[in-house]
Amino acid sequence: MSNDFQFIEVGRKDPTKHAAAKRATQFIEIYQPFAQPQVSEQADRCLDCGNPYCEWKCPLHNYIPNWLKLAQQGRILEAAELVHETNTLPEICGRVCPQDRLCEGACTLNDEFGAVTIGNVEKYITDTAIAQGWRPDMSKVTARSERVAIIGAGPAGLGCADILARNGVKTVVYDKNPQIGGLLTYGIPAFKLDKSVMATRREVLEGMGIDFKLNVTVGQDIGFDALLEQYDAVFLGMGTYTAMQAGLDNEDAQGVYQALPYLIGNTHHIMGTESTESPYLSLEGKKVVVLGGGDTAMDCVRTAVRQGAKEVICAYRRDEENMPGSRREVQNAREEGVQFLFNRQPTSIKIEAGVVTGIECIETQLGEPDDSGRRRPQPIEGSEQLIDADAIIIAFGFQPSPAKWFADYDIELDQWGRVVAPKVADNPFQTSNPKVFAGGDMVRGSDLVVTAIAEGRDAALGILNSFEG
Amino acid sequence: MSLATCIGREQNLFNETMGHAYRVMFDSPVLLFSDFNQLLALDSTYYRANTVDLNYDLAEGLETAIKRVCDEAERLARTGTTLLILSDRATSKNKQVIPAAMAVGAVQRVLVDQSLRCDTNIIVETASARDPHHFAVLLGFGATAIYPYLAYESISALSLKHGVTETQKLMLNFRQGIDKGLRKIMSKMGISTVGSYRCSQQFEAIGLSTDVVELCFKGVISRIEGANFDLLEKDQQVLQKLAFQKHQPLPQGGLLKYVEGGEYHCFNPDVVNTLQACLRDKDYPTYKRFTQLVDDRTIATLRDLFVVKGDKDAITIDQVEGADTLYPRFDSAAMSIGALSPEAHEALAVAMNRLGGRSNSGEGGEDPSRFNSVRNSAIKQIASGRFGVTAHYLVNAEVLQIKVAQGAKPGEGGQLPGDKVSVEIAALRNARPGVTLISPPPHHDIYSIEDLAQLIFDLKQINPKALISVKLVSEPGVGTIATGVAKAYADMITISGYDGGTGASPITSVKYAGSPWELGLAEVHQSLVANGLRHKIRLQVDGGLKTGADVIKAALLGAESFGFGTVPMIALGCKYLRICHLNNCATGVATQNKQLRDNHYHGLPERVMTYFEFMAQEIREYMAALGVSEFEQLVGRSDWLSALEGVTEKQQQLDLSAILFKPDIPAGCALTWQETNPTSDQGELNQTIIAAAKEAVEQGETFKACFNINNTDRSVGAGLSGHIATTVGLQGAKAPVNLRFNGSAGQSFGVWNAPGLNMELCGDANDYVGKGMSGGKLTVYPPLGSMFQSERSVILGNTCLYGASGGKLFAAGKAGERFAVRNSGAIAVVEGLGDNGCEYMTGGIVVVLGKTGVNFGAGMTGGFAYVFDRFGHFNRRVNTEMVDTHKVSSPIQQQHLKGLIEEHLNETGSEHAKMLLNDFENWIDCFVLIKPKNVALNDLLRLEQSQPELSVVAG
């Protein structure tokens with residue numbers, strides 16, 4: 001039985017984390033899994049609001065109160081079924097979503113009682129059900145004649161494939177990497193998302209009849225025209241990979257690195273593979289300064305800690321309040337020994353003989369809000385200071401990286417290089433080439449995993465709609 | 001109430017034949033699998049069953065298919081079919097389904113027209129019925145019984161999934177739930193047997209075209225046209241297509257709670273969050289974003305289909321009347337203390353008082369410490385439960401509102417779950433903590449418009465300064481009712497639309513009862529104007545009003561005052577959680593939980609004020625654009641509204657011209673409220689009494705006088721009670737005021753009687769003696785030397801002591817029906833009663849020294865009664881659902897009873913009382929004690945003799 005006053009009587013309890021010392025050396029997921037009694041206790045805190053703000057805020061509009069109730073009652077398989085109705089990768093969202101900015105941040109209880117531990121329950125439901133042998137029920141699906149190719153096995157591509165498969169469309173996913181997941185696998189460090197999770201998900205997806213053609217780069221190993229010929233539609237979910245430049249002097253000096261190649265190289269290293277584009281880089285014994293305040297910056301600082309860096313500093317130009325990343329990740333990084341320098345804007349990189357020695361920063365104060373509502377940092381005259389560093393990692397975000405061949409197939413881009421594929425249209429996410437659809441970061445610019453999944457799924461509905469003619 | 005359903009051919013009642021025996025009886029019109037099978041297996045000589053398939057080919061078309069079904073039904077009925085089974089069971093991928101309600105309605109009409117209906121029974125075997133409303137619609141349009149096979153199959157599938165083995169019990173539970181829902185629905189319409197409800201068409205069709213109504217729902221009211229057969233068929237096609245896409249999961253719904261992509265909810269998270277943000281930051285641009293979210297929503301209400309277009313040039317905003325003169329047009333809608341936390345309730349009052357608007361107490365009484373302060377609710381509500389309605393409460397109001405019904409749940413009273421009846425709330429309502437308080441559906445003193453006129457007169461006598469408002473719900477015919485209300489001398493009428501209702505309102509009512517205020521407001525305004533009564537009535541509207549545009553549109557349709565319920569609550573922190581009935585409101589607004597109220601309620605009156613300030617500003621902007629400097633000029637200008645074409649095909653079929661009709665104004669009338677509406681009866685005797693006793697009351701001296709009374713003297717004593725309550729207050733007259741009357745009293749003798757006022761009547765009295773009395777003493781006895789036996793003669797009319805909360809009544813004679821209904825504290829001795837005595841009683845003591853009528857003690861949760869049961873028949877007359885009966889065996893109780901009879905004898909000189917006392921030891925065995933089951937016998941006297949504590953925390 002549920003208790004109407006559980007939210008008062010029982011506080012929010014996150015699952016236990018591994019000790020910081022253990023975390024500082026190992027690439028293991030830091031949160032230990034919930035057990036059913038904790039799940040029941042925590043899920044029962046949900047008020048089941050008339051306006052489920054969690055569901056409203058979630059880009060996937062997950063039926064959160066409904067599966068919290070099922071989880072509370074221990075009806076895990078039903079919960080898993082419901083979780084998968086709106087989400088392709090719930091166990092991943094449960095691990096990597098910035099819940100404190102989305103569902104848990106919007107939770108009615110968040111302000112005064114502590115939000116319901118939505119993310120961890122989601123993770124528990126999915127992991128437990130899959131471990132118990134739960135698989136999507138495909139028995140009622142009748143096969144359709146159409147075939148769709150998906151380029152990119154990241155969250156958008158997988159989201160699209162999931163919906164198509166559930167509607168009986170033969171779906172083939174192409175990816176240049178040896179494992180599916182895109183940035184989920186290669187960009188997100190293992191201490192947030194264990195690499196076995198994606199491997200398990202791959203089995204589930206393959207069990208649904210989705211075909212993965214990995215280590216295949218479209219445009220090199222297979223031509224796009226061949227795809228257009230073989231398939232009834234093609235979905236592009238290729239992400240954004242061009243790193244934002246800091247625009248500082250000596251940015252190409254030895255010891256200055258971009259965040260994504262650094263993270264990808266590290267993951268390949270852990271998985272025992274090798275990437276020519278992103279070679280492994282160890283920062284052991286180094287004094288590392290990471291520039292930026294998003295989740296990628298947090299991934300970098302925490303990876304550096306685990307690699308055995310001597311000292312890790314995160315420098316960010318606004319204050320802590322205005323950081324774009326998840327608060328939880330900042331907290332975790334701090335526990336692991338990362339130092340934060342807020343209100344520091346880098347002005348130049350100092351080098352000696354082509355090798356980095358430090359970074360000069362100027363202190364800032366926050367001025368008027370800009371169009372997005374965030375307050376602009378303004379430098380304070382005369383407050384320059386030098387931070388010594390052996391390595392500088394730039395984590396300023398990503399820009400679109402459209403393939404050169406897009407133009408050959410009439411796939412229109414906007415002024416920032418994003419593929420034009422509007423969500424609100426007769427066939428959502430259709431590009432200017434009617435046979436080609438696109439979604440995720442390459443359409444909206446770099447954003448959250450969960451938004452990419454949502455767009456991939458919506459694009460699948462667009463594709464299905466286009467088949468109806 | 002009864003749902004007993006008889007199936008079989010009906011025959012001439014006056015003709016005694018065997019044929020009458022061929023009928024079978026079910027407890028419920030909802031058939032189980034076994035019921036249905038049994039029915040089909042009955043002897044076909046008398047119960048021939050034939051099935052008419054409700055599936056058809058798309059090529060045939062819905063309308064033709066329905067006509068074909070009707071023809072077939074007629075043919076079968078003529079050839080001897082008794083059980084006409086309309087079934088959609090044989091559905092398949094390439095068939096379409098006729099909606100069961102349409103088929104039933106059409107077949108019913110044909111059978112009635114052909115005089116065949118009594119020969120046949122319409123049994124519906126359908127997948128489409130699952131909630132009580134679905135069943136009610138089928139029954140209301142003619143179904144005899146319904147077999148909801150898909151509901152059962154769903155239950156069976158779910159039980160398999162959950163590993164529950166008692167499937168049969170689950171199905172019985174489902175049926176029990178539906179039965180309960182049906183009873184509730186029937187009770188809202190005042191119908192007690194399903195036989196009366198069947199074919200009664202207690203519905204309004206909103207959004208159906210004339211041809212659909214003519215064929216399928218003939219006789220039902222339909223005012224704005226709407227969907228035709230083609231559009232309904234398209235809907236069915238969509239459903240049909242989905243039904244056969246087995247791989248698609250079932251949709252999550254969204255009807256009751258917000259679900260993205262589901263039903264549009266007017267208070268969705270965006271709206272609530274933006275509203276709270278603009279009030280928190282006091283930011284007008286954010287407020288405009290809120291109004292944009294509301295005004296530009298996908299069309300969700302009738303007003304969304306109207307656009308405002310004036311014919312004047314715009315003026316500058318400085319030329320528009322100030323916000324200060326707009327605020328008096330704004331009221332907060334009735335929400336009781338009890339439903340709201342005391343803090344939230346007070347904050348609303350403070351906000352409205354500071355602003356110059358008015359807050360509404362709701363029906364739960366109010367802590368007297370709030371009177372005469374900024375925390376006082378200017379509007380005091382009188383609802384069917386009469387909780388906390390005392391003389392003192394009534395005189396501390398600017399407006400007295402009689403809640404005839406509530407838009408969100410017409411036909412139902414307020415319902416406060418036991419968890420929310422805290423000690424404080426119980427004290428305010430003279431009830432017991434923890435006991436659920438359900439206000440009865442009707443006012444027990446209003447059965448006709450004359451009764452309402454009497455109640456209005458009662459209120460005007462006790463508080464001559466107050467405006468009397470009557471709250472009605474938007475429903476077809478409300479215009480006629482409103483005209484009657486105006487003629488009954490009300491000053492204000494509130495038309496309440498179907499939006500609104502807190503999370504404690506029953507879901508079926510929120511979703512299926514009531515109608516949009518646009519329809520009701522237009523009808524009332526038009527009929528008041530046409531009848532030359534509009535200038536005497538201040539017309540208010542409430543129900544889901546949110547923005548300046550809502551107010552402007554309502555004004556153009558005839559409203560000059562506006563009630564706001566949900567928005568002020570959201571301003572106080574409510575996040576629209578819809579859990580108000582659970583007492584666990586996390587924002588502390590709708591809970592009595594101490595911890596939540598103390599630590600998590602952060603409502604500020606300023607936020608509420610900011611909302612009204614912003615809205616007034618927005619209204620003034622609209623007025624400037626319309627070239628109107630005085631709000632008054634907007635009221636009733638429906639010619640400034642025009643209907644949009646609508647976005648969907650269904651919307652395009654609507655005809656809203658009836659709403660926009662502008663009636664001619666008769667001479668001497670106006671489009672707006674111009675004057676008060678004083679009663680023609682001046683209450684002369686009351687004036688005489690006040691004039692005589694005034695000084696003594698004010699000086700705190702005793703007073704004695706004698707008057708002759710006539711049955712045209714109504715509400716006698718109310719004027720003086722009002723004067724006592726106003727000048728002295730809650731405790732009543734400091735020294736006894738004794739009035740003696742000779743003659744036959746008119747209605748409402750001693751109504752709202754205040755403490756300290758003792759009235760003695762030698763003669764007899766009409767209805768409503770001591771109604772709402774909170775103290776003092778009323779004594780009625782026949783003139784000396786009357787020949788009749790008092791215990792066999794009626795001395796009081798009906799509905800005496802209704803809603804009384806204190807005082808004493810002694811009457812040497814019988815009282816009428818509904819004696820001491822909702823009594824919460826008065827002590828009474830009478831010598832006999834009519835039916836329904838002591839119904840819903842929550843406190844007080846009633847002694848009946850003679851026969852009672854039936855249904856005694858129904859819904860009684862407090863107080864107790866002694867009944868003299870000379871012939872041992874009382875057990876047939878008591879309703880033992882909530883009460884049990886005992887012998888008066890304990891010496892203390894015997895002594896107590898004896899004391900009361902002695903007092904009665906002293907007061908009235910009753911021969912009957914004397915006879916009982918003379919041989920009390922013998923007669924005591926004939927007395928029965930009736931008490932609520934939830935109170936222990938030994939606690940009765942203690943509970944009734946302790947004073948309720950009035951200690952609500954003042955915020």
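Reader: How many helices and strands does chain B have?
Author: The model is predicted, and its helices (H or I, at least four residues) and strands (E, at least two) are DSSP runs, numbered from the N terminus. On this basis, chain B has 31 helices and 31 strands.

Reader: What is the radius of gyration of chain B?
Author: The radius of gyration is taken over C-alpha atoms, and the globule rule is 2.2 Å times the number of residues to the power 0.38. For 955 residues that rule gives 30 Å, and the value for chain B is close to it, so chain B is as compact as a globular protein of that length. The radius of gyration of chain B is 30 Å.

Reader: Over which residues of chain B does pLDDT stay under 50?
Author: pLDDT is the predictor's confidence in each residue, from 0 to 100. Chain B averages 94, and 99% of its residues score at least 70. Where pLDDT is low, the predicted coordinates should not be read in detail. In chain B, pLDDT stays under 50 over residues 948-955.

Reader: What area is buried between chain B and chain A?
Author: Buried area is the accessible area (1.4 Å probe) that two parts lose on being put together, summed over both. Carbon and sulfur atoms give 55% of the area here. In chain B, B:His247, B:Gln252 and B:Tyr258 lose the most area to chain A, together 20% of what that side buries. The area buried between the two chains is about 2800 Å².

Reader: Which side chains meet in a salt bridge?
Author: A salt bridge is a side-chain nitrogen of Lys or Arg within 4 Å of a carboxyl oxygen of Asp or Glu. Across the interface of chain B and chain A, the rule finds 1. With a distance of 3.2 Å, N to O, the side chains are those of B:Lys257 and A:Asp48.

Conventions:
Residues are numbered from 1 along each chain as its sequence is written. Chains are lettered from A and ligands numbered from 1 in the order in which they are written. This is a predicted model: local features need pLDDT of at least 70, side-chain atom pairs count only at pLDDT 80 or more; totals for chains, interfaces and linings use all residues. Side-chain values use heavy atoms; hydrogens and water are left out. Contact means heavy atoms within 4.5 Å.
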